Amino acid sequence: MNAYVNGYDVAKEKKYNVKVPKKWSGDDKHYWTKEQDGALTWAYLINNDYMIPAQQFTLTEIDHYGLQDCEKEELTDDEQ
C-alpha cells in the first residue's frame, strides 16, 4: 500500500515475441503463440503490428515452454 501512496511503480516483466526456427517453419514469419488451454502453437504473421497478447511471452513463460533457443524480439512499452 505504501508503494501506491508514495507513487512507486511496480516493474512490469518484459515481454517478447518468439520466432519459430526456420528449420521447422521454412521462413522467418512464424511466431509462437499460446492457446487458451495452455497449448503452444505457431502463427504466420505478415506484419508485427498484428501481434496479440497470446503471442507475447515473459522470460518465465519462455523457460516454461522450452523456447530459450528461439530468436526473441523484445517489445517496447508502446507495443505491450
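Modeller: Happy to! His-30, Trp-32 and Lys-34 point one way from E2, while Tyr-31 and Thr-33 point the other way, and all are buried. Buried here stands for under 20% relative accessible area, with over 50% called exposed and the range in between partly exposed, using a 1.4 Å probe and protein chains only. Across the chain, buried residues make up 28% of the 80 residues.

A word on the source: this is a predicted model, in which local features need pLDDT of at least 70 and side-chain atom pairs count only at pLDDT 80 or more, while totals for chains, interfaces and linings use all residues. Residues are numbered from 1 along each chain as its sequence is written, and side-chain values use heavy atoms, with hydrogens and water left out.

The chain holds three helices and five strands, in the order α-β-α-β-β-β-α-β. These are DSSP runs numbered from the N terminus, with helices (H or I) of at least four residues and strands (E) of at least two. E2 pairs with strand E3 (residues 40–44) in the antiparallel sense over five bridges; pairing requires that DSSP finds at least two bridges between the strands. Tyr-31, for one, has Ala-43 as its bridge partner in E3. The two strands form a hairpin with five residues between them, and Gly-38 in that turn has a positive phi of about 95 degrees.

Now to Lys-34, which lies in E2 (residues 30–34) and has a relative accessible area of 15%. Its side chain reaches the backbone oxygen of Gln-56 at 2.7 Å. The Lys-34 side chain also makes a polar contact with the side chain of Glu-61 at 3.1 Å. A polar contact is a pair of N or O atoms within 3.5 Å; within protein, one must be able to donate a hydrogen and the other to accept it, and residues adjacent in sequence count only if both atoms are side-chain atoms. Leaving aside neighbours within four places in sequence, Lys-34 is in contact (heavy atoms within 4.5 Å) with residues including Ala-39, Pro-53, Phe-57 and Tyr-65.

Phe-57 in turn touches Trp-32, Thr-33 and Leu-40, among others. Both Trp-32 and Phe-57 belong to the largest nonpolar core, eight residues in all, which also includes Tyr-16, Val-18 and Ile-62. Such a core is a set of buried Ala, Val, Leu, Ile, Met, Phe, Trp, Tyr and Cys residues joined through side-chain atoms within 4.5 Å.
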